[in-house]
Amino acid sequence: MLCRVNAWAQVSNNSLAENKTPFTVSSPANVTDTSDYKLRKIHVDEVDFVSSYYNQNGDHSAVTGGIGTEAVTDVANSLTLNLVWLNKAQNKNTLAVGLGFDYHTAASQAFVSKTGASSPTGTRIYPSVDWTVENDKKGNTFGLGAYYSGEFNYQSLGANLHFSQKTTDKNGEFSAKLQGYFDKVTLIYPSEFEPASTTDFNGNGNGYGDGGSHHNYGSSPRTTLSASFSYSQMINSRLQIMLLGDVVTQHGFLSLPFHRVYFNNGKDTIERLPSSRFKLPVGARLNYFLGDNIIIRTYYRYYADNWGIRSNTAGIEVPYKITPFFSISPFYRYYNQSASKYFAPYEEHAPTEEYFTSNYEYAKFESSFYGVGFRLAPPNGVFGWQGLHELEIRYGHYTQTTDLASNVVSISLGFK
Amino acid sequence: MIKRLVNVTMCLALLLSVSSCVHLKEYQKSRLNDSEMVLGNRKVEKNELNFESYREAASGANAGKTGGGCGCN
């Protein structure tokens, strides 16, 4: 009986159109066209919330010329709403709408003012939107995105276009993404270098972070254009790899106006870097499912740019599935870089140099980042709450050979 | 620099070629489709990638952002 009902269900629409009697126990009373049964209205597919607490300590702040405290705390929160619908061609459309909000305290920020009177706190807000349409039959996706980030001293407006195509056997996929960021660097100088025209109406000096409504800072543009490519391939039922590469070019004001540099004659000035930069990172990921419980996730990247920096990054993470829905993931990441040709420590630059920075981001160093993550995704919801389908918590400790050290703890919640 | 990039690219190409790719049926992809096997960053890593890109000179080739935001403190 069930087989016969099933057989009727599998008869094509053509047989109905030709008014042939389907092979069935009994014909349905009303035959309706259900060919567009998949057409779904827009609905919320998933909501993701990520929150992190970060703190760091170090002794090479760029604000004070490569010496002085680098103490920072930062709380970052972001919420992403994924809306999904099918269009008339039965292609899946996804609209990801995101909003992020950060709050930080940075001890060195107070020393934008020579006396340490500037505000050490700040906020950043960053909304984003991304639309993707997926053609399952052709195995391709196409999408557009837009992004904004605003903080007291920096505004960024971004747009992107992305495309991917699966191979015929659907075991491989090529992706490409073009991105453009059109930023504005607010020209906030250390108080001793601040032009008189930017002081407030009361004649006071630099008021970094104090709201800025009564200052008339200028700004300078910074443009970043990038093309990102990747190719992923399933090698066998346990192994898959991905090759990645970006081509990035930056133009405009690439230094920061409140970073001091102290020359070897004892005088100070502000950081000066070239107005263009070309970056070329290439990388690979390799993931292997070992046995039934262990996954090995690896990553490697080689990076080069025309400021003289060469870098290697290698990472490994080994999720161990204690149950099919609960895993624990220790991880380790090693990083090294050579110094930029424009970097020198405190009081080591000569005044005759064309470009100079004492920002330790451009110094030679190695870093290690290690920690552990926990992931919980039971089928009946986390803690039995059906709406919360995934919970991830991760802690990491980061150290640099420049003596900078930091801790970060993050939580990610996925709601359906 | 170009020589090193060529070496890295050749190593990656070699990795691809020595691994005999098998045509996998959908039912053979259960392990590859496991959420821990995703060839990308975890959602929970989002802010880690931000601080790494602010504290280190290298960035990119990790499916993350390549610009935007200052992070200059």
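User: Before we start, what counts as a contact here?
Analyst: Two residues are in contact if their C-beta atoms, placed from the backbone, lie within 7 Å. Please also keep in mind that this is a predicted model.

User: Good. Which residues does M242(A) touch, leaving aside its neighbours within four places in sequence?
Analyst: M242(A) is in contact with S230(A), Y231(A), S232(A), A284(A) and R285(A), and also with L39(B) of the other chain.

User: Which residues of the largest nonpolar core touch the most other members?
Analyst: That core has 34 residues, and M242(A), L244(A), A284(A), Y342(A) and Y362(A) touch the most other members. At least two residues come from each of β9 (239-252), β10 (260-262), β12 (276-290) and β13 (294-305) of chain A. The element that gives the most is β9(A), with 5 residues.

User: What does a second core include?
Analyst: A second, separate core of 11 residues includes V112(A), V185(A), Y217(A) and F258(A). As general background, nonpolar side chains tend to be buried together in soluble globular proteins.

User: Changing topic: what is chain B made of, in helices and strands?
Analyst: Chain B has 2 helices and 0 strands. Of its 73 residues, 42% are buried.

User: How many residues does each chain bring to the contact between them?
Analyst: Chain B brings 45 residues and chain A brings 79 residues. On the side of chain B that touches chain A, the elements giving two or more residues are α1 (2-18) and α2 (46-55) of chain B. The most comes from α1(B), with 7 residues. By type, the residues on that side of chain B are 20 nonpolar, 14 polar and 11 charged.

User: And α2(B), why is it described as largely enclosed?
Analyst: Because 8 of the 10 residues of α2(B) are buried, this helix is largely enclosed by the rest of the structure. The buried residues are K46(B), N47(B), E48(B), N50(B), F51(B), E52(B), S53(B) and R55(B).

User: How about F365(A), buried or exposed?
Analyst: F365(A) is buried, since 21 other C-beta atoms lie within 10 Å. This residue belongs to strand β17 (residues 365-376) of chain A.

User: What is F365(A) in contact with, beyond its neighbours within four places in sequence?
Analyst: F365(A) is in contact with Q337(A), Q400(A), T401(A) and T402(A). Of these, Q337(A) is 28 residues from F365(A) in sequence and 5.8 Å away in space, C-alpha to C-alpha.

Conventions: Residues numbered from 1 in each chain as written. Chains lettered and ligands numbered in written order. Predicted model: local features only at pLDDT ≥ 70, side-chain atom pairs only at ≥ 80, totals over all residues. Helix = DSSP H or I, 4+ residues; strand = E, 2+ residues; numbered from the N terminus. Nonpolar A, V, L, I, M, F, W, Y, C, P; charged D, E, K, R; others polar. Core = buried A, V, L, I, M, F, W, Y, C linked by C-beta atoms within 7 Å. Buried ≥ 20, exposed ≤ 12 C-beta atoms within 10 Å, placed from the backbone.
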